[in-house]
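Subject: Structure handover

Hi,

Here is the structure I promised to pass on. Have a look at it first, and my notes follow below.

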Amino acid sequence: MKKYNYFITALIASVLLLAGCGNQNGNGGSNSALASNNAEKVYVAPGEQDEFYAFLSGGYSGNLTVYGLPSGRMFKEIPVFSQFPTSGYGYSEETKPMLNTSFGFVPWDDAHHPDISQTNGELDGRWIFINGNNTPRIARISLSTFETEEIIEIPNSAGNHSSSFITENTEYVVAGTRFSVPVPQRDMPINEYKGNFKGALSFISVAPDNGRLNLEFQVMMPGFNYDLSHPGRGKSHGWFFFTTYNTEEANSLMEVNSSQNDKDFIAAVNWKIIEEYVKNGGGKKMPANYAHNVYSDETHTGTTTMKKEVLTVDPLEVPGAVFFLPTPKSPHGCDVDPSGQYIIGNGKLSADLTVHSFDKMIAAIEGKKFDGEAYGIPILKFEDVLAGTVKSGGLGPLHTEFDGEGNAYTTFFISSEVVKWKLGTWEVIDRKPTFYSVGHLMIPGGNSRKPFGKYVVAMNKITKDRYLPTGPEMEHSAQIYDISGEKMELIYDFPTHGEPHYAAGCPAELLAPKSKKIYRLDENKHEFATLTPDKARVERIGNEVHIYMSTIRSHFTPDNIEGIKVGDKVYFHITNHEQDFDVPHGFSIIGQNTSELLIMPGQTKTSIWEPKKVGVWPFYCTDFCSALHQEMQGYVRVSPASSNIELSWSLGD
Amino acid sequence: MKKASLIMMIGPLFLLGLFAFPLWNIMLGAPQYPEPLGMNIHIDGIRDMNEFDLQNIDGLNHYIGMKTLPKPEDMWEFGTFPLVIGGMVALGVLIGLLGFMGKVSYKWFMGWFVLMSVLGILGMYDFNEWMVDYGTNLDPHAIMKLANPDGTPMTYKPPLFGHAKMLNFDVTSLPSTGAWMMFTGMMFTVFAFFVGWKSQKSE
Ligand SMILES: [Cu+2]
C-alpha cells in the first residue's frame, strides 16, 4: 500500500507543479532581446534548408512524419501502417498487400519508435525502422525514396511496444511485446495469466545489402510487460536491455495492481550468445502464421508472403543469456549512453533515475552474485549493478537521450520538464519546463555512439493553450531547446501530426544528397506498365477490363475509352512518363470506391473502378502538373451490361 | 623552323578535344527549375547536361510549338562535322611534319589557320541557322501562341553567345570545353606561324 500512497502524492505534486507552470510561459518573451536571439536560431530563411532531418512517429496516425530542425517545418508524411488517400497508399492495388496481416487487411496501426540504421554505432542513413504497436508489425522505410519498403508481422506478440530499436551494426531490429499473451494463443481463463502467459522478444535480422527482414528467433520471457528497450553499444554491444513493468503479472486494474512491486526489472539479454545457440541448432520451431510484405521500387508493387514457422528460444536453456537488473518504479525508457557503459532506467512513478553500470553488471554476473531468480532467470543485486541515482527533484521520468558531451537529458512527464544532468557525477545541471506533459525527447543521433548535441526536441502529450484553439481536438505540440550552451534554451514550439512517441534525427547531409528525384522509366518492371505511349491499350478478360494508360504533361493516353459495361471491373494501370523532378500526375474517376492515385515520375499505379451506372464518365489528373493541368482529363463511356459495343480507345482523334 | 613545326604539329591535336568535350553549352533556368536544364552541343549530336534534360526541354517546348531537339541522325551536320574536324587535325599535323622535314614553308601554317577559321565561321553560321529555324519555325497548332507587344508572333531563338530572357526562362549560351580547346589549338598554329616567320627573318 506504501506504493499506492506514493502514487497519490505524486499526482498531487504534479497538479501543484502544473499550476506553477501556468505562471511562466517559458518562451523567453519577458526578455525581448533574448526572444529575438531565439528567433534567429530557428529562422531558416526562404530558400534555405534545415540543418537536420527529424523523423517523428505519428502514433495513432500510423505514419511517420519528416520535419526539419531547427525550423520545425514539416516536409512529408510517409505512409507506413495506415491507408493514405493522399498518395493512394493502401488503396492502390500495388500497396494494398503492404497492410496484409494474419488478421487480414489491417489499414491502421499505432506507430511508435523510429530508429535509423547504424554502422559501427553511428547513423548511416540507409533505412529507418518503425513499429506498429497494435497489430504487431515492424516496418522498414527507405531513406532514399522515403517510402515504406517492407513490413513484417510479429507473431506471439501483442502491443509491440519495446520496438523497433536496432543493434549498432543494424544486425537486428528488435521488437518486444508489451502485453504478454498465451503462446500459442488459446482459449483460457484470463485470471490464469500469472505463470502462463509469455513475453516474446523478437530479433529480426536486416540483410546488409537490401535491408530484407527475417524473424530469426524469439526469446520467450516470463509474462511481464516489456515496455521499452535499447541496444548496448561499444563495450556493451551484443547486449540488449528491456524495461519491464507489471512484474506482479496482474491481469486487471493494472494501474494499481501492476504498480505494487517496489522494483521491476531491466532485462539484460545477451543476443550474441543466443545467436550462437541458434546457429548451433538451438531453439524450438513452432507453427506460426504471420505476414511478410515487401515492396519493390522496380516493380512498384508489394507482395505478401505468409510465413508459417518461428524459432523460439527458452532463455533457461541458454546459460548466461538473460539476467534481471532490479530497477525501481515501473521503468519506462531504457536508455544506453553513447559509451555503452550506463543503462538508464526511467522509473516513471518515481522522482529518481536509476543508472546501472555495464561493467558492474558483468562483474556481478561473473561473480555469480545473484539475488534469487524469477522463473529461473537470475536476478542481480540492485546495489551490485547500480552506478548511481539522479536525484532530480522532478516527477515521472520517462526517457533519456545524450548529447555526446557527457550530459544526459531526461523528460519528466508528471512535472512537465526536461532535466539536464551529468553522466558519472549524477548532478542536475539545468531544468526547463515543457508545455505540457512531455513524453519522449530526441537529440539527433541521441540513440547512437555519436550524438549531434545541438538541439533537443521534446514531444508533449498535452497541448492546451499553446496555439490558436481548434475545438476539443488539436495536434500535439513539440518544443525545441538549444542545448549548445551550459543551460538549455527553449527556442521554438511547433505542432506535430498524430501523437509522436519518439523521433529519430540526423544531419541533413547524410540523406539530402541521396534522396531520389524520380523513378527511372527504363527500370520500371511493373507487370502492367505502359512504357511507351504506343503501347497504351485496353484489354478485356471476361468482365475484367485492363486499361494500360500513360501520362505526360498534360494528357492521358488514351483519353477516350468506349466499350466498358456496367458490372465490369476496370483496372486503370497508369504509368507516369515524366522523368523530371517533382512532376507527379494524379488520377481519379467519378464514383471510384477508393482513393485517388498520385503517380511519381516513372512509376506505375493501379486503381480499380467498378462502374455502376450507364453514362459517359470523366476522369482527371488531380495534381496541378502544368499550365494545362485543367485540360488533363478524359472520358469513359459505360454501356449497359447487355450491350455489345466493342472496346475502343483513342487520343486526339 | 623545327621548333615552329613542332608547335604546328601539336596545335591541331587540341581539336581532338572536340570528340570528347562539348563545343557549346546552352542552359535554361527558370523559377521552377532552380537546377537549370542544359544541353551540350557536341560535334556529333546534342546531349543532356543532366540526364533527361533534353526530354524535359522538349516537353516544355511543345507548349509553344517548338520542334523536338534533333537526334544525331536528324541533321547531316552531326555526321559531317566529325569528318571535317578529323580531316583538319590530320592535315594540320601533316603540314607540321612537312615543315619539320623542310618540305613546306611556315606560310602553310597560316594557310591551315585561315582554312580552319573559315570552316569554323561556316559552322557557326550553320549552327545559328538551325537555331533560327528551331526558335521560329513553330507548329501553327501550338498550345500557346504568344505575341510580342507589337503583335508579331513571339519566337524563341536561343542566343548564339551570351544571355537572353525567353518567357520565364533565362537562357545562357556559351562556348564549352571543346570550343576552348579548338581555340587554343588554333592559337598554337598562329604562334607556330610567327615562330616560323621569326626564324626565317633571323636567318
Ligand atoms: Cu497531370
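Let me start with strand 38 (residues 560-565) of chain A, which runs parallel to strand 44 (residues 633-639) of chain A, with four bridges joining them. (Strands here are DSSP runs of E with at least two residues, helices are runs of H or I with at least four, and both are numbered from the N terminus; two strands pair if DSSP finds at least two bridges between them.) In that pairing A:Ile561 sits opposite A:Val636 of strand 44 of chain A. Strand 38 of chain A also pairs with strand 45 (residues 648-650) of chain A, this time in the antiparallel sense and over three bridges. There, A:Glu562 has A:Ser648 as its bridge partner.

Some housekeeping before the rest: this is a predicted model, so to speak of a local feature I need pLDDT of at least 70, side-chain atom pairs count only at pLDDT 80 or more, and totals for chains, interfaces and linings use all residues. Residues are numbered from 1 along each chain as its sequence is written, while chains are lettered from A and ligands numbered from 1 in the order in which they are written.

**Sheets in chain A**

One open sheet has four strands in the order 3-2-1-34 (chain A), with antiparallel pairing. Strand 3 (74-78) and strand 34 (503-507) of chain A are at its edges; each has a single partner strand, so one side of each has no neighbour in the sheet. From one strand to the next, the twist averages 20 degrees (axes are lines fitted to C-alpha atoms, for helices over the stretch in contact, and angles run from 0 to 180 degrees between N-to-C directions). Strand 1 (residues 52-57) of chain A is joined to strand 34 of chain A by five bridges, in the antiparallel sense, and A:Phe52 is bridged to A:Pro507.

Another open sheet of four strands, again with antiparallel pairing, has the order 30-31-32-33 (chain A). Strand 30 (438-442) and strand 33 (489-496) of chain A are the edge strands, each pairing on one side only. Ignoring direction, neighbouring strands in this sheet are turned by 25 degrees against each other on average. Strand 32 (residues 476-482) of chain A is antiparallel to strand 33 of chain A, with seven bridges between them, and A:His476 faces A:Thr496 across that pairing.

**A residue in chain A**

A:Asn38 belongs to helix 2 (residues 32-42) of chain A. A:Asn38 counts as buried, with 21 C-beta neighbours inside 10 Å (buried is 20 or more other C-beta atoms within 10 Å of a residue's own, exposed is 12 or fewer, partly exposed is in between, and C-beta atoms are placed from the backbone).

**Helices in chain B**Helix 3 (residues 77-100) of chain B packs with helix 4 (residues 107-136) of chain B at an angle of about 170 degrees, their axes 10 Å apart. That makes the two helices roughly antiparallel (angles under 35 degrees count as roughly parallel, over 145 as roughly antiparallel, 65 to 115 as roughly perpendicular and the rest as oblique). On the helix 3 side, the residues that meet helix 4 of chain B include B:Phe81, B:Met88 and B:Ile95, and on the helix 4 side they include B:Trp112, B:Leu119 and B:Asp126. By class, this contact divides into 10 nonpolar, three polar and two charged residues (Ala, Val, Leu, Ile, Met, Phe, Trp, Tyr, Cys and Pro are nonpolar, Asp, Glu, Lys and Arg are charged, and the others, Gly among them, are polar).

Helix 4 of chain B also meets helix 5 (residues 177-202) of chain B: their axes come within 8 Å and cross at roughly 155 degrees. These helices are therefore roughly antiparallel to each other too. Among the residues that meet are B:Phe109 and B:Phe113 from helix 4 of chain B, and B:Val190 and B:Phe193 from helix 5 of chain B. The contact has nine nonpolar, two polar and no charged residues.

Strand 4 (residues 162-166) of chain B and strand 5 (residues 169-175) of chain B are antiparallel, paired over five bridges, with B:Lys165 bridged to B:Asp170. They form a hairpin with two residues between them, and B:Leu167 in the turn has a positive phi of about 50 degrees. None of the five residues of strand 4 of chain B is buried, so the strand lies largely in the open.

As for the chains together, five residues of chain B are in contact with five residues of chain A (contact is C-beta atoms, placed from the backbone, within 7 Å). The chain B side of it has two nonpolar, three polar and no charged residues.

Cheers

Conventions. Contact = placed C-beta atoms within 7 Å.
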